[in-house]
Structure formats: C-alpha cells, structure tokens
Amino acid sequence: MNKKSESKPTLDLEGALELSPSPERIPVTIKERYGHFIGGKFHDGADESLFETINPATKETLAHVAAATEAEVNQAVKSARAAHSKVWSKMGGAERGKYLYRIARRLQEKSRELAAIETRDNGKPIRETRDVDIPLACAHFFYYAGWADKLEYALPGRQAKSLGVAAQVIPWNFPLLMAAWKLAPALATGNTVVLKPAETTPLTAMALAEIMQEVDLPPGVVNIVNGAGATGAALVGHGDVDKVAFTGSTGVGRIIMRQIAGTKKRATMELGGKGAQIVFADAALDQAVEGTINGIFFNQGHVCCAGSRLLLEESIAEDFLERLQRRVRTLRIGDPLDKNTDVGAINSPEQYATIQRYIEVGRKEGANVWQGSATAVPDTGYFVPPTILMGLQQSDTCAREEIFGPVLSVLTFRTPDEAVKKANDSEYGLAAGVWSEKTSKLFEVAHRLNAGIVWANGYNLFDPASPFGGVRHSGFGREGGIAGLWPYLEVA
Ligand code: NDP
C-alpha cells in the first residue's frame, strides 16, 4: 500500500446526505395513442400494429404506439421527396435557417415539459434530461441554424447541394438529443428527412413533431415513423432514399451496411464503444474520480462513448479505487423524476437482463463484483446500482464487450506504452480519456489512442461545434461541427 492510500479522507460524506423527496411536478401531456407524422399531419397507424411504451422506473404503460408498415414508410418517403424537390431544396439558406431557429426556440420554451416526458419514457434522471439532453438538443438546432446560409464557407471554393431524402434511425439512450443530432444538420443543408425513433422511447420525437407543426415547417420536410427493427429496415432499404444516418449498435449497423451495399446511398454510422479512461499516477485523483463517475454512471452507462474501461496506473490503483468507491456510495439511485437522483432506471427489461447477464459473466470469469449507492435500489422498476468489476484480465468478456449499463471494468498498467496498448486493444474506437497533470504526457498519449474522440482531464464533454464519431467498429462519419454538414452534401 502506498502513502496516499494510508491517508484518511478529510471529508466523509457517507450517510450525511438525507434529502427529502424533490419530484419534478410539471404537468405533462402524454396521449393514450401515437401513430406517425407524415406530410405535416399526424396519422393513427394500424390498430393491429400497436405496441406499448412504458415508464421503466415504475413499469406503468405510458402510451400505445403504432408500428409503421412498409406502405406507411413508403408514404413518408414520398412526402419527404416531394417536399425536397418542390420546397426545401429551392428555399434559400437564410429562410431554412429561420425555421431551425424557430425549432430551437420552441424547444427551449417547452424544455421543462420535454425533460419530464423524456425522463418518464427513458428512465434517466430529470437532472440529466433538464441539464443535458434538452439544452444540448436546443444547442444543436441553434448551431446548425447558423450554418444554413453559410454553407459556402463550409466548403470554400466548392459547389455543394443537398443529397435529397435522408433516412435516419436512432437509439433510445438520448432520444430527443439523437433526433436533434440527426435532423439539424440534414435540414440546414437542404435535405428532407424520415426519422425512426427507437421502439422504447418514441414520446419526445412525437412532441418534436408537434413543434414542427407549431413552427409551420413546410409539410413533408420532417416525417417521423414509429416502429421496431422491421420499420427501420423498411426505411433504410427504401429505393428512394439518398442517405442513411444510423446511430445504434454495431450489430445492427453491420446489417444495414449489408442491406445498402451496392446502392448509391450515402451512409454515416455512429455505433457502439468501449471507451478507455487512462488515469496516470500524477493525475489530480479526486478530479479523475469525478470524471470516471461521469464517464460510466451518467445516463446509467447507456452512453456509446461511456468510459467503461478504467485503466489505472498500478501504483495508485488501490488508493484510486478506495476514493472511487467512497464517492459512488454517495450516488443516489431512485425515482428518475426526483431532482436529487443521480442514477435512474434501465430503459427496458431487455437491457436490464443484458446488464445482469454481463455482471454474472464477470463474476464467473473471476471478477470481484462491487456495487454501491447512497440509497436503496428500488424494486418498482428496472434498476441496476453502480457496479465496479475489479481484478479483470484484458481478455475477459466484460473488458472487451460493450455492456451499455452502469458497469465499470477496471484494469491496471505500469507504463504509458502498456496503457496505450491496452486501451487500443479493442474492436471499438469511439472515445477515450486521459488523466495526468503533465500536458506533454496528455498530448503524447492522446495522439496514440485509436479513438474518434479523446478527452484530456475530463470526460463526456459535448458541444454542437465539436465533431463526434468513431473509428473501426464504432462507425464512420461525423456528427456535430462543420464536419457534421459534409455527409449531407453533394460536393462538386
Ligand atoms: P440498436 O442497434 O438495437 O437500435 C438502434 C435503432 O435501430 C433503433 O431505432 C432500432 O429499432 C433500429 N433497428 C433495429 N434493427 C434494425 C434494422 N435491421 N434496420 C434498421 N433499423 C433497425 O441499438 P440500441 O437502440 O439498443 O442502442 C444502443 C446502441 O447504440 C449501443 O450499442 C450504443 O453504443 C449505440 N449508440 C451509439 C452512439 C454513437 O453516436 N456512436 C450514440 C448512442 C448509441 P428498435 O428500437 O425497435 O430496436
């Protein structure tokens, strides 16, 4: 044990934070039934296609939602095509920008209600939907509104025009934010869209459709079809789609790439990850503890770029894990609508089962499984407490596969070379983090990491002006920033 690990904590927070319930009480409107948004109008969809969307924190049914058939997908693509050729591609950039600004402002006006709907449908804490998801969704529309009339500066000296109709398929972990990441650059560049939200989180996309009506967006510019994988497959495989933008698992990304191979469709793929957080002995350890927590327990670890592999320099490993566990014991798991909740519910029973299965696999492979939180784990819904797997080997399943839950896998290293080798020894390449007080070490290590994004002395920091995307099995193409415009433009 080294000197640092012998030192006692100066501030012991354990058991000190007894807080009264503080639920978000804003009334929200959730209809009993949702269908699709096609050609500027809401459609009921077929009765026989209805499925439920639930509140994963309570298991209560929130609404019934129709799954779009091939015929409905076809209608949505037709409507997007007509809006592109007749209206949107002909409109000047400044005019298009005005619509995007209006969407952004309306999102801001409704932000509290949207946050409360998202928290119910997804299970994530209101603190996160209120402070991260919705503000970032607004910021994306504001950012790309600014580009709409300045596209010539995105590609100096080149001529660019929109591609046409974009088919966009998104996951459930950041439902409204992922919709904003997809829609804002597509619309700014003059494309029209058919969007398919995830089956388990359709509600904020439907609220966004209402906003499209409220801002008088020309009919057909944005169409939204609900449904499961079959609806997504019908959409990306549709013959009159010019561009496919997918965010989701690497497995489904592969299926889609096979499906569109040999067509002229452009594609961007934002897929899974297994982000490494490298903490050197010279790092500010308490700051790195906060970054580690933000990296893996934010959004219950349902984050593609989650820092799910913690690589600790051996000399500080014991000390760091003590500090980390002490801090995790202060995290409050519980009602996602409570403003004091840090860790909410897992989005679906399927994902809950997947996470439990991985924890069991970790245990069987010899990991020391540690779980902790400040409050008791509720039995009302799908909750998994923050989990740390210690004593793992590089080849263990939980050190290699994406768990997509609040599960941190811990490994150690002795030299910077070993840290880089272990971090890069993954099929994924989305994000990584490096913690050190030495700037030269940060730069040296960051440049050697095979990942689309590397954060230094921080983690999970997002800005619409900053491109986001992966390498290797984490996908290709960028969303955000100037680079987020290029995949939606035909350049001459
Ligand atoms: P999935 O790949 O299962 O689903 C993503 C979306 O694709 C959903 O809307 C889904 O519908 C739909 N879908 C499923 N099958 C098909 C198909 N054959 N053709 C077209 N669409 C289909 O991922 P999850 O929703 O489980 O999301 C988690 C995954 O997403 C994780 O691996 C995570 O890393 C990744 N992700 C990546 C991000 C990035 O930017 N790189 C950001 C966020 C998440 P349905 O909802 O019905 O299943």
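Which backbone oxygen lies 2.8 Å from a polar atom of the side chain of Thr-387? In this predicted model, the backbone oxygen in question belongs to Pro-385.

**Thr-387 and its surroundings**

- Thr-387 belongs to strand E15, which spans residues 387-390, and a polar atom of the Thr-387 side chain lies 2.8 Å from the backbone oxygen of Pro-385.
- Because its relative accessibility is 0%, and buried means under 20%, Thr-387 counts as buried.
- When neighbours within four places in sequence are left aside, the residues in contact with Thr-387 are Phe-297, Ile-359, Val-369, Trp-370, Gln-371, Pro-406, Val-407 and Leu-408.

**Strand E8**

- Strand E8 (residues 192-196) is largely enclosed by the rest of the structure, because 5 of its 5 residues are buried.
- In a regular strand, side chains alternate between the two faces of the sheet.
- Both faces of E8 are covered, with buried Thr-192, Val-194 and Lys-196 on one side and buried Val-193 and Leu-195 on the other.

**Strands paired with E8**

- Strand E7 (residues 165-169) runs parallel to E8 and is joined to it by 5 bridges, and within this pairing Gln-168 has Leu-195 of E8 as its bridge partner.
- The unit made by E7, helix H7 (residues 175-188) and E8 is a right-handed β-α-β unit.
- Strand E9 (residues 222-224) also pairs with E8 in the parallel sense, here over 3 bridges, and Val-194 has Asn-223 of E9 as its bridge partner.
- From E8 the chain passes through helix H8 (residues 203-214) to reach E9, and this β-α-β crossover is right-handed.

**The ligand**

- There are 28 residues around the ligand, and those that come nearest are Ile-170, Glu-199, Ser-249, Leu-271 and Glu-402.
- A polar backbone atom of Ile-170 lies 2.7 Å from an oxygen atom of the ligand.
- On its own the ligand has 900 Å² of accessible area, of which the protein covers 88%.

Terms used. Residues are numbered from 1 along each chain as its sequence is written. This is a predicted model: local features need pLDDT of at least 70, side-chain atom pairs count only at pLDDT 80 or more; totals for chains, interfaces and linings use all residues. Side-chain values use heavy atoms; hydrogens and water are left out. Helices (H or I, at least four residues) and strands (E, at least two) are DSSP runs, numbered from the N terminus. Buried means under 20% relative accessible area, exposed over 50%, partly exposed in between (1.4 Å probe, protein chains only). A polar contact is a pair of N or O atoms within 3.5 Å; within protein, one must be able to donate a hydrogen and the other to accept it, and residues adjacent in sequence count only if both atoms are side-chain atoms. Contact means heavy atoms within 4.5 Å. Two strands pair if DSSP finds at least two bridges between them. A crossover is right-handed if, with the strands pointing away from the viewer, the path from the first strand over the helix to the second runs clockwise. A residue is near a molecule or strand if one of its heavy atoms lies within 4 Å of it. Accessible areas come from the Shrake-Rupley method with a 1.4 Å probe; for residues, only the protein chains shown count as cover.
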